[in-house]
Amino acid sequence: MEHRESCRDVTELFDCITDAYRCFQSGSCPNQRTADLACVIFAGVCGRVAEEDRGYLHEKSVELSCISLTLVEKMTSSLTVHSLTPEVTAYCVEILRLLFEDMDLMSQLVHHFHVEDQIISHLAAKSVSSRVFYDLHKSGMVSPAWQQKCVQAFHSSPPCAELDACLWSLTEVLKRLLKGASRERSEILGKLLAAFDSGLTALCSKFLPVERKEVTQCSVDLACSTHQGTFCLLLDLLEVLTASSSICGSGVCVKTQRLTHIHSSALLTTVSNSSQHFVKKRVLLLLKRVMLHKTGEDWALEEVLSTGLKPEHSSSDMNMLAQSVLQAVNADWLQSVQTESASFFGGTSQGRGGEGEKADCVMLRAASLLRLKSLELHIQTAAETAGLHSATEGYGYLQTLWDFLKQCSVQLTEVIHCCCWVSLLFAEQDDDMMEAAKALLSIFLHHRACSGLDDFAVLEAACASGCNPHCHFLLLLQSISFDHSILLDFLISTETCFLEYIVRYLKYLRADWQGFTVACQRVSLTSSCGAAASGLTHERKTETRSSPDLVKSSFCFHPTTLTPPVEEFSLDPGLRLVEYDSSDESTDNMEASEDSQETWKRLMGSEMSVCKQDTCRPPVSRQIEHVPSDSTDILNDPGRSLPVLQIEHSGQVSCETSARAMLCLSELREVVTRLQAKKLFPYNPSSLLKLLAQVETCSQYSVNK
């Protein structure tokens, strides 16, 4: 009899709360009085969960708790975003006042953090987060019950449901604060972080010790399989804390915002020690975002991220992170990075029939960019004191990275020009490619200033280390088919650092035009030799079944030497992927098209006049057929200099590459000038236009000379 009464009570409570939820969804007030509904919700949240009933009654009790917690979160969130009518708003305010002030519902909610049912624990954390965020915006006060529970869990709790709920709840509250744009945000955030400063510091010190010896002797390994969920929640919290320092700048400065930098060495050790592939990836991606100042980009609003504020300890913290990375690399940390892809749809990681496992490009890009940016920061910091040792040390780090990439990727192993690795590795990620190119440009300029070598020797050493900025820029242009409209997209976009990169490169280009000319020949030869190696491999495979020493071309760009010049450049230069002028200005477009054609004729006419002596020579394809047998050894050795390959047709090809590059930059200057004249460009491009004009002058002077 009692069992039937209990079932009926639970069913009645469930129906009552369900009706109330439907009313709120439709924007109307329920029929119950506020006091009666508050009692029903309180009973649903905390009156039945702790029972030891099994079977039907237990299942209904769990459902009742879930719908009650969901209703509390729904009402609180709706009040925060002001999405209710005045009548419904007053109704919800009164219910929540009764629940949290008269009935002390917060204590019951945080008590559910440690229940075994993960759904109830998570819904309780969502309800608590919504209420805490509401209170912070309304009164600026932090809930004592929630704060006490979280601090206690951070200080003493092992990895468990309670710690998970506390980590998730604090992360959610911080995210909501950072997404907003209220004037009191910095003040509220500072108060909140100060309340948890000691607890979070203790938590990270326990699970991510600062000293390397303590890392290996840590009693609780959050990266192990049983604790991986807790570890990922901790990584999310660390990213939010780091993002708070970038968004709020020096207005908020507490130790918790620097935890990622302080414990960067322990995080890198986690990459080495963890057996879980996705844990390694999460750590690497976190460190990469921290290094690029892009923490929070997945969830924060763009206008919030673009504040441009710098925290007080920004420089020292970034140097700390860079030194941790370089020290780990010196200790062979790269060899412990798992680069084999562990993602398989509906299967296991077992390969079929001896197939090699495909490298995880996300991991390779993250590890490489982390290494490059760390080296860039290191040489910038040590530039005044390190001298020549720093110059040689930088290229040593690059060689180590290059060796690591060749071990991990078959495609990169087949590269015949070391500078191609940037375009191959970062081809699918424009923002990362620009960051890598900018970092390599800084490393090259530092080496050039400190090495004491002449310009030719500097460029030869740069190509041997895959660090020639001329090659990187030309390969970038080749990858976009020399289309200036894509460069314009990069300039306008806020997602890449292309503006900073191209300004720095153009400043160097105007001072080293001869090096650019040599790079045009080198890049052209790379395309030609890649095609030659591919043809040789195909021919020899018809003669013998096994030829492991032969090179297959993996070069991802279309070779410019395999298409006759007339056909190669017969496309109308006025045709582009994107038209930035309005449709009613066809006259301007016609003039722009004619200007582009005239520029092309001028450039190609001048360039080809210099190369006219080469036009009577045999086609490239015929000379490739007579490549000596030992030429494959040259192609297989990225360290050997490409200019030693004597391909007679390279002069004309080099001129074509240079002319296409200059036409692309000239068209970019023209379209930016038009947009600036119409006040359609998002910022003042005067400095960029001046550099582009100076580069064109250098090109014309070189041709005339």
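Here is a chat that works through some of the labels used for this predicted model.

User: How do you know how confident the predictor is in this chain overall?

Analyst: Look at pLDDT: the chain averages 76, and 70% of the residues score at least 70. Among its elements, helix α25 has the highest mean pLDDT, 96, while helix α29 (residues 620-624) has the lowest, 33.

User: What makes R510 partly exposed?

Analyst: Its relative accessibility is 38%. Buried would need under 20% and exposed over 50%, so R510 falls in between and counts as partly exposed. You'll find R510 in the loop between α25 (498-509) and α26 (513-543).

User: And what makes R510 and Q694 a polar contact?

Analyst: Their side chains are joined at 2.4 Å, and the cut-off is 3.5 Å for a pair of N or O atoms. R510 also touches L691 and C698. R510 and L691 are 181 residues apart along the chain, yet their C-alpha atoms are separated by 8.1 Å.

User: Why is E667 called buried?

Analyst: E667 has 3% relative accessibility, and that is under the 20% limit, so it counts as buried. E667 lies in helix α31 (residues 650-677), and its side chain makes a polar contact of 3.3 Å with that of H484.

User: How do you know how many disulfides there are?

Analyst: Two cysteine sulfurs have to be within 2.5 Å, and by this rule the count comes to zero. Take C166: the nearest cysteine sulfur, that of C150, is 3.8 Å away, so C166 is in no disulfide. For C467 the nearest one belongs to C419, at 7.5 Å, so C467 is in no disulfide either. C166 is buried because its relative accessibility is 0%, and C467 is buried on a value of 0% as well.

User: Why is the pair F154 and F196 called edge-to-face?

Analyst: First, the ring centres are 6.3 Å apart, and pairing needs them within 6.5 Å. Next, the planes sit at 65 degrees, and over 60 counts as edge-to-face. This pair links distant parts of the chain: F154 is in helix α7 (residues 144-156) and F196 in helix α9 (residues 185-207), 42 residues apart. F154 is buried, at 0% relative accessibility, and so is F196, at 1%.

User: Then why is the pair F498 and Y501 called tilted?

Analyst: The angle between their planes is 50 degrees. Stacked would be under 30 and edge-to-face over 60, so tilted is what remains. The centres are 6.2 Å apart. F498 and Y501 both lie in helix α25, three residues apart, about one turn of the helix. Residues three or four places apart in an α-helix point the same way, because there are 3.6 residues a turn. Ring pairs link F498 and Y501 into a cluster with F473, F490 and Y505.

User: What makes α14 largely enclosed by the rest of the structure?

Analyst: Here it's a matter of counting: 13 of the 15 residues of α14 are buried, so it is largely enclosed. Helix α14 covers residues 277-291 and reaches 21 Å from its first C-alpha to its last, close to the 21 Å expected.

User: How do you know what span to expect for helix α4?

Analyst: Helix α4 (residues 86-102) has 17 residues, and at 1.5 Å a residue the expected span is 24 Å. The model's helix reaches 23 Å, close to that. Buried residues in α4 include V88, Y91 and C92.

Notes:
Residues are numbered from 1 along each chain as its sequence is written. This is a predicted model: local features need pLDDT of at least 70, side-chain atom pairs count only at pLDDT 80 or more; totals for chains, interfaces and linings use all residues. Side-chain values use heavy atoms; hydrogens and water are left out. Helices (H or I, at least four residues) and strands (E, at least two) are DSSP runs, numbered from the N terminus. Buried means under 20% relative accessible area, exposed over 50%, partly exposed in between (1.4 Å probe, protein chains only). Contact means heavy atoms within 4.5 Å. A polar contact is a pair of N or O atoms within 3.5 Å; within protein, one must be able to donate a hydrogen and the other to accept it, and residues adjacent in sequence count only if both atoms are side-chain atoms. The expected span of a helix is 1.5 Å times one less than its number of residues. pLDDT is the predictor's confidence in each residue, from 0 to 100. Rings of Phe, Tyr and Trp (its six-membered ring) pair if their centres lie within 6.5 Å; planes under 30 degrees apart count as stacked, over 60 as edge-to-face and the rest as tilted.
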